[in-house]
Amino acid sequence: LTNSMPPQELATLAWALARLAVVPAPALLRRLVSNVLVQLGRFSPQDLLMTLSALPALHQTPGLVAPYSTVHKLAAAVGRVLPVASAHEAAALLAALGGVRWRAPSAWLQAYWAAVAPKVQDMGWQQLAMTGWALGQLSPTAFATESLARRQVESDPAVREEWDAGRQAG
């Protein structure tokens, strides 16, 4: 069944199973994940979001969300779709990765931030809060603090002036 499903249907199946609290038999789950990984290059931001959101509910081992290699491949796909993701999707994808307890390498976070920075002005307070929460889950505090501070310095002339004055004095 899952062998012939397009990406949207695979994502919908994973999301529906998770939403209904149905943990598939291990063989079916392996087949579903295998087919997701085979078609990952064709997944849209929404397909990835639904799939990542389903992982915690579909895995049977308490404390283990999914094999790290699977989550790592999904995270790479998130990086691929960020240029076409909306501000909301970008925030939700980061939060979904935080929800599966993935620890993002700093290079991945820097690439994420570079792709998402132009979208920040389109984020509402909910997406900004979600992004902040997810950065806290995924990254060392220093990186998140530095990135958010840099974004504030770049976007607010008064903060930029104060920042420059502090750097010259120091």
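These notebook entries record what I looked up in one predicted model.

**Entry 1. Conventions**

I number residues from 1 along each chain as its sequence is written, and my side-chain values use heavy atoms, with hydrogens and water left out. As the model is predicted, I require pLDDT of at least 70 for local features and 80 or more for side-chain atom pairs, while totals for chains, interfaces and linings use all residues.

**Entry 2. Overall fold**

I took helices (H or I, at least four residues) and strands (E, at least two) as DSSP runs, numbered from the N terminus. The chain has nine helices and zero strands. I counted a residue as buried under 20% relative accessible area, as exposed over 50%, and as partly exposed in between, using a 1.4 Å probe and protein chains only. On that scale, 41% of the 170 residues of the chain are buried. I then turned to contacts (heavy atoms within 4.5 Å). Of those between residues at least 6 apart in sequence, 76% join residues at least 24 apart.

**Entry 3. Helices α3 and α5**

I compared end-to-end distances with the expected span, which is 1.5 Å times one less than the number of residues. Helix α3 has 14 residues and reaches 20 Å from its first C-alpha to its last, close to the expected 20 Å. Helix α5 (residues 87-99) has 13 residues and should span 18 Å; its end C-alpha atoms are 18 Å apart, which agrees.

I next checked burial in both helices. Ten of the 14 residues of α3 are buried, so the rest of the structure largely encloses this helix. Among them are Pro45, Asp47, Met50 and Leu58. In α5, eleven of the 13 residues are buried, so α5 too is largely enclosed. The buried residues of α5 include Glu89, Leu93, Leu94 and Gly98.

**Entry 4. Thr51**

Where does Thr51 sit? I found Thr51 in helix α3 (residues 45-58). Thr51 is buried, with a relative accessible area of 5%. I looked for a polar contact, that is, a pair of N or O atoms within 3.5 Å; within protein, one must be able to donate a hydrogen and the other to accept it, and residues adjacent in sequence count only if both atoms are side-chain atoms. A polar atom of the Thr51 side chain lies 2.9 Å from the backbone oxygen of Asp47. Leaving aside neighbours within four places in sequence, Thr51 is in contact with Ala11, Val36, Phe43 and Leu74.

**Entry 5. The cavity**

I searched a 1 Å grid over the protein atoms alone for cavities, meaning sets of points where a 1.4 Å probe fits but cannot get out; lining residues have an atom within 4 Å of a point. Grid points are joined across faces, edges and corners, and a volume is the space filled by probe spheres set on the points. The structure holds one cavity of 30 Å³ or more. The largest cavity has a volume of about 90 Å³. Its lining includes Ala14, Leu29, Val36, Thr51, Thr70 and Leu74. Elements giving two or more residues to this lining are α2, α3 and α4 (68-81). The largest share, five residues, comes from α2.

**Entry 6. Aromatic rings**

I paired rings of Phe, Tyr and Trp (its six-membered ring) when their centres lie within 6.5 Å; planes under 30 degrees apart count as stacked, over 60 as edge-to-face and the rest as tilted. The search of the whole structure gave two aromatic pairs. Trp102 and Trp108 are edge-to-face, at 5.1 Å centre to centre and 85° between the planes. The rings of Trp108 and Tyr112 have centres 5.6 Å apart and planes at 15°, so this pair is stacked. Trp108 and Tyr112 both lie in helix α6 (residues 106-116), four residues apart, about one turn of the helix. Trp102, Trp108 and Tyr112 form one aromatic cluster. Trp102 is buried at 1% relative accessible area, Trp108 is buried at 13%, and Tyr112 is buried at 1%.

**Entry 7. Positive phi**

Is Ala21 buried or exposed? Ala21 is exposed, with a relative accessible area of 65%. I located Ala21 in the loop between α1 (7-19) and α2 (26-38). Although Ala21 is not a glycine, its phi is positive, about 60°. I also noted Arg101, which follows α5 and has a positive phi near 60°.

Note on methods. 1 Å grid on protein atoms, 1.4 Å probe; cavity = no way out; pocket = protein on both sides within 12 Å on 5 of 7 lines; lining within 4 Å.
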